[in-house]
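Student: Please take me through one part of this model closely. I would like to look at the place where the two chains meet.

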Amino acid sequence: MATISANKANRLFWLGRYVQRAYMTLHLLRRVYDKMIDGEPTDYQEFWKKMDINDNYATRGEFTLGMLYDEENPGSVASSLQHAMDNAILLREDIKTETMSFIEISIAMLKKQRHVAESNITNLQPITDWMLAFRGSAAQRIEDPRVLALLAIGQLTEKMDIMLRFSYDYERIATQYCLLKTWTKLWPELLDENIDRQICRMLEPETYAQADDNFRWTLCKYVNSLVMV
Amino acid sequence: MGYINLLDLIESRDAVNKWMERYGVRFGVYKHGVFNEQLFPFDSVPRIIPKSDWDYLEAGLKQRVKALNRFLWDIYHEKQIVKDGIVPEEFVYAGKGYMPECEGVDPVGKVYAHIAGIDLVEGKDGQWYVLEDNLRIPSGASYPMVARELCRKVSPQTFKDNAVADNRDYSDLLRQMMNEMCVDGGIKVILTPGRYNSAFFEHSYLAEKTGATLAYPGDLVMEEDKVYYIGMFKEKVRVGAIYRRVSDEYMDPLCFEAQSLLGIPGVMQAYKAGNVALINAIGNGVADDKGIYYFVPKMVEYYLNEKPILQNAPTYLPYYEEDKDYVLANIEKLVIKDVSEAGGYGVMFGKDMDEKRLAEMRQLINDEPRRWIAQEVIDFKDLGLLEGGEMVERKADLRAFVLTGKDTVVWKSGLTRFSRNPDSFVVNSSQGGGFKDTWVMMK
């Protein structure tokens, strides 16, 4: 197994995060979309507050277009995919051309859909499928388990971050943390031990049961500082 | 050569191009200081080389590259070819490609040009001519390699029906050569200047296919005459061979361009100590200078005691009075090349110049005869390609790749580049050209 440079480790971690962010953003947008079918037309506002996005979209239409296609919006699907690509392009030899290609075709599809007047998020289902295919391809094709681990650590970090923002159940968050810790067994040096201890304390069932928004934001901050790449 | 049915392959062109987009097969171009990545236009009608032609080319290419490697060794050691008056010293030491820092350095296995890209054209009479030798960082092999992979995917029947040599072994040839050159069991790396290099796709694709580590500036350090790859926890792994895609002058800021951030400080020290192989060697520019080109057939005779198999395009050196007189008298029918330029730049056709420009050119040749070469315009064979659903004919060349490790081998394919402009002979991708796959027939 070849040595992995610090820059490469950083790119793998962020590639994992951005792919996960694109996937989760689409997933959550579908839920908001569903809610707005027979809910309040302003239900979308809660979404961008949780995502900590500064842009205040005036209408539901603007919100949809902005969250999907606006590359300037760091929380948009377009931005996440582009950032994923910026990392992937420098990792071809590790993740393989076929794995990279799922990001490439997702970006191409998003660019094409942007110009479709009646843009419906359902049309973007293939991007969700390709993000899943990306993971499958990575698992099949990556030969170095440490490379796969760095990708998975990035994905799980991002997943925990978003789940905490959207107040997912304790069990689901604790499971992700358990998975993340499993992957870090290949790279124990990557974890900040102090932060790890803090997270473990906060993820005690009794402690978490008392969680409010502030608690979750603090936990989210710890999760984002846990891995040192 | 029997009848070859290409209809299915031709109809699959769009599918191949879509796959190329999906695989990110691009090249970068700087225009007005702005970097853009674009697809390399691919035409699915291949260049087909019959076996008999290939046998001739293969023998000639091996012979030529062997002579060039001998020349490089000689120039940086005994300089016998200069002493014997075969190549004038002005053409060796005045060129930009000569690197005095390489004097007396013994590269691993005495190999300088591990990867040579030899540009050829086929005349209308079927005669092949060498146009240029590229011994520094010849690029382009990855494109026909990936194109073949995709053509086989979209049109398998075409390859079932035709006995075409499989060209997807380029990465195996490259890996084997790197293994043979590798010092002390170190790792093999491909050193790229980074994403904003025009050939970055190729660097990353070849790293993927050879299993070499793609190294960026800053990933490698030299310590105690050895080169190391630095891991994320500062651990050091010995490097045995560097397939560098960084130009000579940027490879070592302690030796060449002091401002360079692309190279490895001190790498020349490790190289001189024989502790790392540089692929290709530093200083090869002295042998692929457009002026030196004229002397390559003479090198074949001098070093190998053989008749040159491949022909140069008829070339004149204004450095010699007799040639200068001919060039000045016939300039309007010749192509004039500035020996210091590359990539299709500095190439001027006399037929395209008005009287004023011709007079200026004559003056320039008189003032600096060493700077120019002149060649007869070869009426080279046009190749058919699809444009807007119609077959049209365009000028095309062939870059053949010759790899030298313990042995010299010729890759059974090559990069066929074509001009998209019907009036142009310039095929370079940087100037809008496209590419084709190159088929070498097995029978």
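Tutor: Across the interface of chain B and chain A, nine residue pairs are in polar contact, both residues at pLDDT 80 or more. A polar contact is a pair of N or O atoms within 3.5 Å; within protein, one must be able to donate a hydrogen and the other to accept it, and residues adjacent in sequence count only if both atoms are side-chain atoms. Four elements of chain B give two or more residues each to the side that touches chain A: α2 (13-22), α9 (200-210), β7 (213-215) and β9 (226-230). These helices (H or I, at least four residues) and strands (E, at least two) are DSSP runs, numbered from the N terminus. The largest share, six residues, comes from α9(B). By class, this side of chain B has 13 nonpolar, four polar and eight charged residues. Here Ala, Val, Leu, Ile, Met, Phe, Trp, Tyr, Cys and Pro count as nonpolar, Asp, Glu, Lys and Arg as charged, and the others, Gly among them, as polar.

A word on the basis. This is a predicted model, in which local features need pLDDT of at least 70, side-chain atom pairs count only at pLDDT 80 or more, and totals for chains, interfaces and linings use all residues. Residues are numbered from 1 along each chain as its sequence is written, chains are lettered from A and ligands numbered from 1 in the order in which they are written, and side-chain values use heavy atoms, with hydrogens and water left out.

Now the charged pairs. Chain B and chain A share two salt bridges. The term means a side-chain nitrogen of Lys or Arg within 4 Å of a carboxyl oxygen of Asp or Glu. One salt bridge joins the side chains of R195(B) and D86(A), at 3.0 Å from N to O.

Next, the extent of the interface. 25 residues of chain B are in contact (heavy atoms within 4.5 Å) with 25 residues of chain A. Together the two chains bury about 2200 Å². Carbon and sulfur atoms give 56% of that area. Buried area is the accessible area (1.4 Å probe) that two parts lose on being put together, summed over both. Of the area that chain B buries against chain A, 32% comes from R22(B), E208(B) and M232(B).
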